[in-house]
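The sequence and structure come first.

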Amino acid sequence: TKKTNTKTTKTAETKTEYAPELFCLWKNTGKNGKTYYSNADGVVGFYEKNPEGKRPNMSLCIKDPNDKLVSVGGLWVQTSKAGRKYFSGNYDGEKVIAFPVKSENEKAPAIRVYSRSVLDEFNNGQQKLDDIVEEGEEF
C-alpha cells in the first residue's frame, strides 16, 4: 500500500480504491481550550454545533502571508439515509463533501475533504453515499 492521497485497501483478491482527497484536517485544541481543525497547508476549520441563521457548521479559512485568517468556504452538517453525519459545502469556490474519520490512531486526520465533482466522477454514480461515509466523530 502506497502513502499517497489515494486510500487503497487490499484484501484476498480485491483492491478497493477511493477518490483522492482534496485535503485532510486534524483535530487540535487552541490555547483557549477550544477545538479547531487544521492542516500543514494552512487550512483551518472552526466548528460550531448550532450556528445562528444560515452560517455554516464549519467555517473554513486559510492563513494569508501575514498569518491572518481569510474565509474561503463553509461546511454544513448533513445526515445520510443511514443516519451517518457528514459535511457538504464549498471551499474556494468548489463544491466539496467531507467525512469524519473513525480511527484510534492519533496521527490520523479527523476529517477528509473531497471535491464533489471528482468524487462523483470517481464513483461514476454507482456508489451510494452511505457506502463511503465512515462512522467517525459525532458532529
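## Leu60 and the nonpolar cores

Leaving out neighbours within four places in sequence, Leu60 has contacts with Leu25, Val44, Gly45, Val70, Ser71, Val72, Gly73, Gly74, Leu75, Asn90 and Tyr91; contact means heavy atoms within 4.5 Å. Leu60 is also listed, with Leu25, Met58, Leu75, Tyr91 and Ile111, among the residues with the most contacts inside the largest nonpolar core, which has 15 residues. At least two residues of this core come from each of strand 3 (23-29), strand 6, strand 7 (69-79), strand 8 (85-91), strand 9 (94-100) and strand 10 (111-115). Another core, of 5 residues, lies apart from it and includes Tyr86, Ile97, Phe99 and Tyr114.

A nonpolar core is a set of buried Ala, Val, Leu, Ile, Met, Phe, Trp, Tyr and Cys residues joined through side-chain atoms within 4.5 Å. Buried means under 20% relative accessible area, exposed over 50%, and partly exposed in between, with a 1.4 Å probe and protein chains only. In soluble globular proteins, nonpolar side chains tend to be buried together.

## Model and confidence

This is a predicted model, in which local features need pLDDT of at least 70 and side-chain atom pairs count only at pLDDT 80 or more, while totals for chains, interfaces and linings use all residues. Residues are numbered from 1 along each chain as its sequence is written, and side-chain values use heavy atoms, with hydrogens and water left out.

The mean pLDDT (the predictor's confidence in each residue, from 0 to 100) is 80, and 73% of the residues reach 70 or more. In residues 1-15 the pLDDT is below 50, and this stretch has 18 contacts in the model beyond near neighbours in sequence.

## Strand pairing

The protein has 2 helices and 10 strands, in the order β-β-β-β-β-β-β-β-β-β-α-α from the N terminus. These are DSSP runs numbered from the N terminus: helices are H or I, at least four residues, and strands E, at least two. Two strands pair if DSSP finds at least two bridges between them.

Strand 4 (residues 35-38) runs antiparallel to strand 5 (residues 43-47), with 2 bridges, and Tyr37 stands opposite Gly45. The two strands form a hairpin with 4 residues between them, and Gly42 in the turn has a positive phi of about 90°. Strand 5 also pairs with strand 6 (residues 58-63), antiparallel, over 5 bridges; here Val44 stands opposite Cys61.

## Cysteines and burial

Cys61 is buried at 10% relative accessibility, and Cys24 is buried at 11%. The whole structure has 0 disulfides, a disulfide being a pair of cysteine sulfur atoms within 2.5 Å. Of the 139 residues in the protein, 35% are buried.
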